[in-house]
Amino acid sequence: MAFTLPALPYAFNALEPHIDARTMEIHHGKHHNAYVTNLNNALAGKPDENLSIEEICATISKHPVPVRNNGGGHYNHSLFWTIMAPNAGGAPTGALADAINAAFGNFEEFKTKFNTAATSRFGSGWAWLIKGTDGKLAITSTPNQDNPLMDVAEVKGTPLLGLDVWEHAYYLHYQNRRPDYCNAFWNVVNWNEVARRFA
Ligand code: MN
């Protein structure tokens, strides 16, 4: 069963001024779309073509490189669109807020540590907030299109929040200023969706 590009759950310009419409249009319509196409091509006619994307990630070391790159790209971007929203941002509440405070001290400390993970990832990759196998929250980052579901990940867990730090995610608007993009990201985080994933 072929994978499909999920519809963006808001308009291309919905996250402005923090993420511009042209970046969103190219990022979703060109970059994510290419990951889906290339993943389907890499799996076509193979016994693995009926696996879910989560199953593929969990066994990624057994798959060829194109499946790792494009399968990761499909999973990561599918998550990324949903953990952002217009009129969002602010701070988490409830059990998620409690877990963030328990793991990182407070919300500001959490954001600082997450931004450090995002800005210090050399080259292309992602920063993540994950729920570890011990149930505790942790911050990690992965290179390229790897993610914490993958059996090759240094730190494994369930992704709750992910930030794409590939240049294609910010260069049109922010050029080389990745830290400005990372700071702006907090204005569009959809904490309702992050909390749903946590629960
Ligand atoms: Mn991307």
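I count a charge as sitting over a ring if NZ of Lys or CZ of Arg is within 6 Å of the ring centre and within 35 degrees of the ring normal. With that rule I looked up Lys131, and its charged end sits over the ring of Phe198, 4.9 Å from the centre of that ring.

Before going on, I note that this is a predicted model, in which local features need pLDDT of at least 70 and side-chain atom pairs count only at pLDDT 80 or more, while totals for chains, interfaces and linings use all residues. Residues are numbered from 1 along each chain as its sequence is written, and side-chain values use heavy atoms, with hydrogens and water left out.

Metal site. I took as donors the N, O and S atoms within 2.8 Å of the metal (3.2 Å for Na, K and Ca), and since water is not among the atoms, sites may look incomplete. The manganese ion is coordinated by NE2 of His27, His77 and His168 and by OD of Asp164, at 1.9 to 2.1 Å. Along the chain these donors follow the spacing H-x49-H-x86-D-x3-H. Two of them link distant parts of the chain, for His27 lies in helix α1 (residues 21-43) and Asp164 in strand β3 (residues 158-164), 137 residues apart; helices (H or I, at least four residues) and strands (E, at least two) are DSSP runs, numbered from the N terminus.

Burial at the site. I call a residue buried under 20% relative accessible area, exposed over 50% and partly exposed in between (1.4 Å probe, protein chains only). His27 is buried, at 1%, and Asp164 is buried too, at 0%.

Aromatic residues. I let rings of Phe, Tyr and Trp (its six-membered ring) pair if their centres lie within 6.5 Å, with planes under 30 degrees apart stacked, over 60 edge-to-face and the rest tilted. The count comes to 16 aromatic pairs. One of them joins Phe104 and Phe110, a tilted pair at 5.3 Å centre to centre with 40° between the planes, and both residues are buried. Phe104 and Phe110 also belong to one aromatic cluster, whose members include Trp126, Phe185 and Trp191.

Core. I also looked at the largest nonpolar core, which has 54 residues, and those with the most contacts inside it are Met84, Phe110, Leu161, Phe185 and Trp191; such a core is a set of buried Ala, Val, Leu, Ile, Met, Phe, Trp, Tyr and Cys residues joined through side-chain atoms within 4.5 Å. Leaving out residues up to four places away in sequence, Trp191 touches, among others, Pro92, Ile100, Phe110 and Leu161, where contact means heavy atoms within 4.5 Å.
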